[in-house]
Amino acid sequence: MRTQLSLSNKVLFLVTLPLLVQLGLLTRLSISQSEAEADLKKADHAREVAASINEITNTIYAIISIYGTEESLKNISLSDKAFNDSLDTMRKDYKHLKDITEGDEFLRPSIEQSEKNAEEGLALLRTMKESFDRAGGDERDARKPMWRKLRQLVQSVLSSDLATAGQRLRAVADKSPEVQALHRQEAQSMILTAAIFNLLLTAIMALFLTKGITNKLKQMNDNTYRLASGLPLNPVIRGTDEIARLDQVFHDLDSALKEASRKEQAVFNNARDMICSLDEQGRITFVNPASLNLLGSKSRELLQTYIVDLVLADDKVNVLDFLDKSKGHSQDTPVEARMLRTNGTVVDTLWSVQWSPEEKSFFCIIHDISERRAAENMKQEILAMVSHDLRTPLTTTMNALDFLESLSSATTTEKETRYIAMAQRSVSRMMTLINDLLDVEKARAGMVVLDTKPTALNDCFNLCEDLVTGFADSAKVTLKFTHSDLFVQVEEKLFVRVLQNLVSNAVKYSSPDGTVKIYAVQNNEFAHITVEDFGPGIPASQLGKVFERFHQAQGQLATTKGGSGLGLTICKVMTELHGGKIWAESEEGKGSKFQLTIPLAARAVESQLPLAQTPHTAASE
């Protein structure tokens, strides 16, 4: 099986192989250079040795030529300076020759023997000089053997081995330029051969690599055109390199786009909302089949129709203004418009529009809100009915019960009195529920206008304490209000109602002999108020639902002490109307904390009151 290489590995191989060839060439050139330097050193050494041997030979010849006859004994003197200088020169030459031939097993013995013979010859010459100085010509015959031996020593000093070595070394030195020329020629040949080989190798590999890459890129380019045209792609490129993997990803992208297109088309065709695109003049260029259900017209019937022609005359100006503003920026807030069906009926719709500068088109989603509008109208009718048709009879019933209670008669039994009280409590609770429900809906509908003014928070605490103390005493719960110097910007009546609901709720869920703490601290430009009880707490699963309408925490206390389920909802609505926030924190078995923030009055902010202590510290005080 052929090994598959990645594109990066192929490029690395293309770069690395010529470098390896060059590295091999440099290595061989380095070896050749080392050999050349070694030959050069060898030639220099041979030249130096040959020169030293020649110096010794010349010195010995000079000494023998001057002092080598019987007649010369008359004239020489052992203390003669020229003679001693010749001897010193010879000895220095021998020492230098031994130094430069140290380790040479071939020359060293010949040099040492030559030096020994030279010293012995000098000693023999001194002996003959002493004989001549002592007896003159009388001992001439006795000195003849000495002269023969001296000649033998001179011959041994200038032996054929040393002379031959000198000649051989001179020949080596003379041959060095030729050897160096051969080395240079060899290096030039290697460089030229390697360069040509490297060039051919790089060209072949580059051609092979670029051909493979360009063919794959051509196929990728063709696939790009096919993808844009909706045509089937070419087969997947085989291999494991980066281009092959990219082509595989490209095929996966094509499959994903087709799948997304199928899903998008399915969503588009089956959407209940009318989805359409408009040109810059507001004509419909594309619309989904939902137009049939919304307007009673098929998609093809609406093409090139001006969208405002489908809108009720009274709403056309709003729609055109909405579309015009969408060109400048994205419209986060949808617009409502009434549209005409083909049968002449009116449908309430909610429009969301996005302008595309690139395509110069509007993309619209039109949602049918007829059912929601009908539900809102029904809700208003029910609230009106509750407000008038229920509250009026209940008021009459409460007045009648109050009248019956005011009658004192000896014939009124204890049972009748108890039933009247029960009826009064039920009617009162029903009235409270109706009033709370109306208050919540009015606030959410924006029908409540606050009349806020700077109010001492401590005054609100005192009013709340007066209102809740009786209920707390009956439940055997202690209220602990912590004094506060903060001023808040509130409508006092509504804000006290929030505090009353929170404190009453805390009392309701506290155990007998329990305590409810109410305290406040300053947090930047807000008063942070906490109502803390030490009851059973709220389960974590219900903590996010406590402010919903008609929701009560589960448990024994909730069922025994009851409640309308709107108290905390009113707290949330009224707090948010004041520009604050409210939330609950609780841990089962350890009680609950209801916390809210209310904006401080301008006088409190300008006075830059120091931040109060943390809630726990304030409560402990």
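Q: Leaving aside neighbours within four places in sequence, what is S484 in contact with?
A: L457, N458, F461 and A520 are the residues S484 touches once those neighbours are set aside. Keep in mind that this is a predicted model.

Q: And where does S484 sit?
A: S484 is in the loop that runs between β7 (478-481) and β8 (487-490).

Q: Buried or exposed, that S484?
A: Buried: its relative accessible area is 6%, and the cut-off for buried is under 20%.

Q: Switching to α14, how many residues has it got, and how far does it reach?
A: Helix α14 covers residues 492-508, which is 17 residues, and goes 24 Å from its first C-alpha to its last. That is close to the 24 Å expected at 1.5 Å a residue.

Q: Why call α14 largely enclosed?
A: Because twelve of its 17 residues are buried, the rest of the structure largely encloses α14.

Q: What about the largest nonpolar core, which residues have the most contacts inside it?
A: F495, L502, V503 and V507, in a core of 41 residues. Helix α14 gives the most to this core, with nine residues.

Q: What does F495 touch, not counting residues up to four places away in sequence?
A: F495 touches L457, C460, V488, V490, I529, L596 and I598.

Q: Which residues are in the other core, the one lying apart?
A: That core has 25 residues, among them V287, M339, V347 and I366.

Q: Back to α14. How do the axes of α14 and α16 cross?
A: They cross at roughly 145° and come within 9 Å, with α16 being residues 567-577. The crossing of α14 and α16 is left-handed.

Q: Which residues meet there, between α14 and α16?
A: From α14 you get L494, R497, V498, N501, L502 and N505. From α16 you get G567, L568, I570, C571, M574 and T575.

Q: New topic: how many salt bridges in the whole structure?
A: Eleven salt bridges turn up in a search of the whole structure.

Q: What does K327 form a salt bridge with?
A: K327 pairs with E280, and the closest N and O atoms are 3.8 Å apart. The pair links distant parts of the chain, 47 residues apart: K327 is in helix α10 (residues 316-328), while E280 is in the loop between β1 (274-278) and β2 (284-287).

Q: How do K327 and E280 count for accessibility?
A: K327 is partly exposed at 33% relative accessibility, and E280 is partly exposed at 35%.

Q: Where do R372 and E336 lie?
A: R372 is in helix α11 (residues 370-406) and E336 in strand β3 (residues 335-340), so the pair ties together parts 36 residues apart in sequence. Their side chains meet in a salt bridge at 3.3 Å, N to O. R372 is partly exposed at 38% relative accessibility, and E336 is partly exposed at 39%.

Q: How far apart are the closest N and O atoms of E587 and K590?
A: 3.5 Å, in a salt bridge between E587 and K590. E587 is partly exposed at 45% relative accessible area, whereas K590 is exposed at 57%.

Q: Which residues are linked in a network of salt bridges?
A: D314, D315 and R338 are linked that way.

Terms used
Residues numbered from 1 in each chain as written. Predicted model: local features only at pLDDT ≥ 70, side-chain atom pairs only at ≥ 80, totals over all residues. Heavy atoms only, no water. Helix = DSSP H or I, 4+ residues; strand = E, 2+ residues; numbered from the N terminus. Expected span 1.5 Å × (residues − 1). Buried < 20%, exposed > 50% of the residue type's maximum accessible area, 1.4 Å probe, protein only. Contact = heavy atoms within 4.5 Å. Core = buried A, V, L, I, M, F, W, Y, C linked by side-chain atoms within 4.5 Å. Salt bridge = Lys/Arg side-chain N within 4 Å of Asp/Glu carboxyl O. Axes fitted to C-alpha atoms, helices over the stretch in contact; angles between N-to-C directions. Left-handed = near helix turned anticlockwise from the far one by under 90°.
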